[in-house]
Structure formats: structure tokens, C-alpha cells
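Subject: Structure for you to look at

Hello,

Here is the structure I promised to pass on. Please open it first, then read my notes beside it.

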Amino acid sequence: MDQKLVYTGKTKNVYALENGNYLLKFKDDCTGKDGVFDPGENSVGLTIEGVGDVNLRMSIYFFEKINAAGIRTHFISADLKNTTMEVLPAKVFGKGLEVVCRNKAVGSFIKRYGEYIEEGADLPSYVEMTFKNDAKGDPLVTKDGLIVLGVMSAEQYDDIKEMTKKITKIVADEMADRGLVLYDIKFEYGYDSEGKVMLIDEIASGNMRVYKNGEYIDPMTLSELFFA
């Protein structure tokens, strides 16, 4: 099937297919700074051989579970040999929006609110949204802000929040089964021609912070532990 490159991303390239769907090609590039991986960074900081493969494997695993739970995603199928995933077309919200679900207080949450809460404290699957804008440091945006700016409707916001909590529980439970603790996880959503929300992008070790016995686990180690 013919494919046309439509977008070159930090960790994936996107191709348009003849059938109207899209193909995501996973790369070995990771976000980070000074050669150190960081899921919160806005630029590619390093290349790790095989990371594209494990990111795709984990994405397949979770997308199949999430689809089976009746939660809408863009996932159709995947080809591990070519490190690609076929997905449904979806429009992104605004110029790109990230949704973070936090079970523990770490990272940018502590930077912002450290005077009110201890690092590592429990959070009730706290959902927050940020605009994808590297130059502005991915600014936080509220529900009212998203509605006022015309980025999404109140109903879409509520759907995303509910879906995020459900998906985070699926991921957290799978981690707990392996003796691991999910601290936070980052998602992206889009919507179809009818405005219905669906989970898009990937669900990979590079999009989450996971700890074991109080110690942070880097993404490649996490992928190895997850599939061990």
C-alpha cells in the first residue's frame, strides 16, 4: 500500500495511507536533555537502539486492552517487523494537547506545588492538561480555558478526563501485577469527524514514570521488566 510522509515527529513519523488511515513509524529517538532521558523534556536528547520496537510492543499491549474495555482509541493493527502501527484518522485538539494523569506527586507537579505537598505523596488520579508548545514550556490550561479558546467542548473535556482515569487504572494495575508503581502517565487524544474523543499516539514506557521499591525505573529497563 502506498504511503506518503505527512509529519516528522520527535519519536515517530506519520504517513498517510491510500485507505484513509495513517501509519505511525516508531523511531529510536527519545526526549531528554544532555544525553539523559526525560519524558517531560520537549526535545530529542538521545537515541537508544531498540526503543522504537519496545515502545510499539507496549503500545500494542495496552491499546488492545483499552479497546477490549470499550474505550475508544485510534489503534487498528501493528507490524512489529517494520515497527509500524496503523491507526484511524483523528484531529488533534488545538495545535496539540497533552493530558497527564498523576497518581503520585513528582516532576513538574512538585516544581509548581511543592510548598503544599510532599514529593511522592498520593494523588487521586489527578488529571491536568497542557498545550504542546516547546517555546512556552507546555503551559497548563484549565477546562474553562479550553472551552473559552474553542479548543474543545465541555462534553469533550469530561470524556477525556473520564477516559484518562480509566486508562490510567488499566496501566497502573498491569504495573502493580509486576511489582511496579505507576506515578504518572502522559496521553494524547484526538477526535473523529463526529467529534467523538479517542485516545491517540502511543502508550509506551517513555510516556510514564514508574518506580520499584521507591526507585525510578528508566524506560528501557521498564520495558524489559514489563515483558520479562
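Start with K12. Its side chain makes a polar contact with the side chain of E202, at 3.0 Å. A polar contact is a pair of N or O atoms within 3.5 Å; within protein, one must be able to donate a hydrogen and the other to accept it, and residues adjacent in sequence count only if both atoms are side-chain atoms.

Before going on, note that this is a predicted model: local features need pLDDT of at least 70, side-chain atom pairs count only at pLDDT 80 or more, and totals for chains, interfaces and linings use all residues. Residues are numbered from 1 along each chain as its sequence is written, and side-chain values use heavy atoms, with hydrogens and water left out.

Back to K12. It lies in strand 2 (residues 12–17). Strands (E, at least two residues) and helices (H or I, at least four) are DSSP runs, numbered from the N terminus. K12 is buried, with 8% relative accessibility. The cut-offs are under 20% relative accessible area for buried, over 50% for exposed, and partly exposed in between (1.4 Å probe, protein chains only).

K12 also meets a ring. Its charged end sits over the ring of F26, 5.6 Å from the centre. The rule asks for NZ of Lys or CZ of Arg within 6 Å of the ring centre and within 35 degrees of the ring normal. K104 does this too: its charged end sits over the ring of Y183, 5.8 Å from the centre.

Next, rings with rings. Rings of Phe, Tyr and Trp (its six-membered ring) pair if their centres lie within 6.5 Å; planes under 30 degrees apart count as stacked, over 60 as edge-to-face and the rest as tilted. The count by this rule is 12 aromatic pairs. Take Y61 and F62: their ring centres are 5.4 Å apart and their planes stand at 90 degrees, so this pair is edge-to-face. Y61 also pairs with F226. Here the centres are 5.2 Å apart and the planes are at 85 degrees, so this pair is edge-to-face. It links distant parts of the chain: Y61 is in helix 1 (residues 51–68) and F226 is in helix 5 (residues 219–226), 165 residues apart.

Are these residues buried or exposed? F62 is buried, at 0% relative accessible area. F226 is buried as well, at 3%. Y61 is partly exposed, at 25%. Together, Y61, F62, F226 and F227 form one aromatic cluster.

Now the empty spaces. Rolling a probe the size of a water molecule over the atoms shows where empty space is left. On a 1 Å grid over the protein atoms alone, a cavity is a set of points where a 1.4 Å probe fits but cannot get out, and a pocket is an open set with protein on both sides within 12 Å along at least five of seven lines; lining residues have an atom within 4 Å of a point. Grid points are joined across faces, edges and corners, and a volume is the space filled by probe spheres set on the points.

How many cavities of 30 Å³ or more does the structure hold? It holds one. The largest cavity has a volume of about 30 Å³. Its lining is E98, K186, F187, E188, D201, E202 and N207. By type, the lining has one nonpolar, one polar and five charged residues. Ala, Val, Leu, Ile, Met, Phe, Trp, Tyr, Cys and Pro count as nonpolar, Asp, Glu, Lys and Arg as charged, and the others, Gly among them, as polar.

The second largest pocket has a volume of about 210 Å³. Among its lining residues are F131, K132, N133 and K136. The whole lining divides into three nonpolar, three polar and three charged residues.

K132 is in the loop between strand 11 (122–131) and strand 12 (140–141). K132 is partly exposed, at 36% relative accessibility. A135 is in the loop between strand 11 and strand 12, and is exposed at 80%. D138 is found in that loop, but is buried at 15%.

Last, the backbone. Most residues other than glycine have a negative phi. D138 has a positive phi of about 50 degrees, although it is not a glycine. S125, in strand 11, has a positive phi near 50 degrees.

Best wishes
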